[in-house]
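Hi,

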Amino acid sequence: MSDAPASPELALQRRLARAGRNGIRAPRLDDPVLLPGPTRASMTDRVCAIVLRERAFLWWWIAFIPSFLLFALLVISICYLFWAGIGIWGIGWPVAWGFAILSYVWWIAIASGGTFISALFFLVRVEWRTSINRVAESMMLFGAASAGVYPILHLGRPWFAYWLFFYPNTMGLWAQFRSPLLWDFWALYTYVLASVLYWYFGLLPDLATVRDRATGRVRQWVYGFFALGFRGSDKQWKHFHATYGIMAAIMAPVVVSIHSIVGLDFAGGATVGWHSTEFPPFFVFGALLSGFAVVLLIVIPMRRLMRLEDFITGRHLDVLCKLLITSSLLLGYAYIMDAFTTYYGGDPADIRMFGVRVHGMYMPVYYGAILFNILIPQLLWIRPLRMRQPVVILICLGVIVGMWLERYEIVITSLHRPHLPSSWGTFHATFWDWATLAGTIGLFLSGILLSLRFVPAISMHEMRSLIGKQRGERAA
Amino acid sequence: MSGILAAFDTERDLRHALERLRAERIEALETYTPMALDERPSGSPLPLVMFVAGMLGFIGFFALMTYADVWNYPLNIGGRPKFAWPPFVPIAFELGVLTAMAAGFFGYFVICRMPRLHEPIDECDSFREAMRDGWFVAIRSEEAERLTHARAVLDTLNPAVVEVIP
């Protein structure tokens, strides 16, 4: 297993030995994708040990209990909503789309970033994807789940949600296929279901590993059940890789389609500030930005708390920070075009509404979005700052807030100044708006924490292949 | 006894052993490895199955929407043509994707005959290493002579463990 390391590797090993292997190792810009040291066996044991711990880490409980309480708040909010109706939210006329839609867009953006990392970077075969794709996929799953609750809640009469399906009915009617809102329904639920299939399929070999390493009867049974009899036979591997590759090739365009269709929900309406062909790419850029930010927010604490420094190195932080800058610049371009087309287009209603953003009541929202999404992330051009984890975390938190402000700006400021001045109005969020938003954050965090606890945090079968490549064992 | 199972410490040893076993014309070999021996496989029908399912899903749902809007319940919306096909594309695409994903997912289990939660090979003690860092080859046969021959060849290959599959 232990081939003689090449000389740069040897130097790195010496450096690590000096730093003390038990201490927490700070990330460095010149880190390789994988630190020398872990073998396939030791990596498997390390990752399985986290999943198979008898008792969860203390930090896990500290994070999980508040998250779960927030999730409980979501359940309460939904029950009250179904009891009382959507009048409990701040929406009305003219701002008929409030927190439900803006948070839906926000969540689906976060989920999309995870798919992007997992699927697109699988297709281009980058090595750094291997350490973080499982986390990115869990993020996609629970981001999509958090997004997925909103459209049903927003329907007003959620018990008629099934009207959106194709089905023969006594009314003799069909759904309106020409409406972007119906496209969105199908895009979202395709995305949620496809994400579940993609995540679970990629997980099969790792569930099989956990099954074989589990000692307790219950765990053996549960992991054995979910591994569905995966044993690593040549036939299983052959079809696995063929299928997984195609699934990734499908997920990459799906993620672009889902967020473009969300953009079309807006662009399809003749509403002031929405009716623009720019929206689909604008939304996709924002999705990338928030996705990379949330991956960083999960990966940085996970690396340290779960002692995964060998697998998540400075290289990963560096790459993700660079992607964050790239997507931030793309989004900056979209912001500029948004302003340019408004003034160049010359529609008085558009210009009037945009004025409220730039120098009116909603000024803090507009400039907040620019500050958090475009300006502050540019700090990451400074190389040493990319390795300062608290700074990166703060920037990423800023991006998450900034993205939410951007959605607020798109949904609410656009709606509050319709063409007809007599219809102008304002929006004030109620307690239940905030409670539902906080509740979905609880749903997301609970899901991520549960997946970190019970699902291997690193894709072990892909990591084995990477370890083999790093050691030149696959030359034959 | 339905077969024998041999474990090797490294991938290289297993590959070497497979060459030797094939040279000795020992058939019905099945490997069990913690990662794919060949990550760029060829010969799996699943990509084609997914493609066909995806296209069928796309065409099927496109046709359904066309039927609904052109024949079953035509709506005149601002004088636009009844067969206004561009808006049908997004839903047809999404549902095509969903059928392709589902075909790949469920097709995999059909082709691999999964889920099979228990197999005789699971009774071998060393087999738990297969998804960690053990490189296994199983030779299954009902004929005792073939297995004896295979065992003799395996013994020359210096395996870490040789076990009988019950």
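In chain B, strand β1 (residues 3-8) pairs with strand β3 (residues 135-140) in the antiparallel sense, over six bridges. β1(B) also pairs with strand β4 (residues 161-165) of chain B, again antiparallel, over five bridges. Pairing here takes at least two DSSP bridges between two strands, and the strands themselves are DSSP runs (E, at least two residues), numbered from the N terminus, while helices are H or I runs of at least four.

A quick word on the ground rules: this is a predicted model, where local features need pLDDT of at least 70 and side-chain atom pairs count only at pLDDT 80 or more, while totals for chains, interfaces and linings use all residues. Residues are numbered from 1 along each chain as its sequence is written, chains are lettered from A and ligands numbered from 1 in the order in which they are written, and side-chain values use heavy atoms, leaving out hydrogens and water.

B:A6 has a bridge partner on either strand: B:V137 in β3(B) and B:V162 in β4(B). In a regular strand, side chains alternate between the two faces of the sheet. Here B:G3, B:L5 and B:A7 point one way, and B:I4, B:A6 and B:F8 the other. With six of six residues buried, β1(B) is largely enclosed by the rest of the structure.

Now chain A, which has 16 helices and zero strands. Its radius of gyration is 24 Å, close to the 23 Å from the globule rule for 476 residues, so chain A is as compact as a globular protein of that length. (That radius is taken over C-alpha atoms, and the rule is 2.2 Å times the number of residues to the power 0.38.) The C-alpha trace spans about 80 × 55 × 40 Å along its principal axes, and 60% of the 476 residues count as buried.

Contact means heavy atoms within 4.5 Å. Among chain A contacts between residues at least 6 apart in sequence, 81% join residues at least 24 apart.

A:S138 is buried, at 4% relative accessible area. Leaving aside residues up to four places away in sequence, A:S138 touches A:W199, A:I448 and A:S451.

Cheers

Key. Buried means under 20% relative accessible area, exposed over 50%, partly exposed in between (1.4 Å probe, protein chains only).
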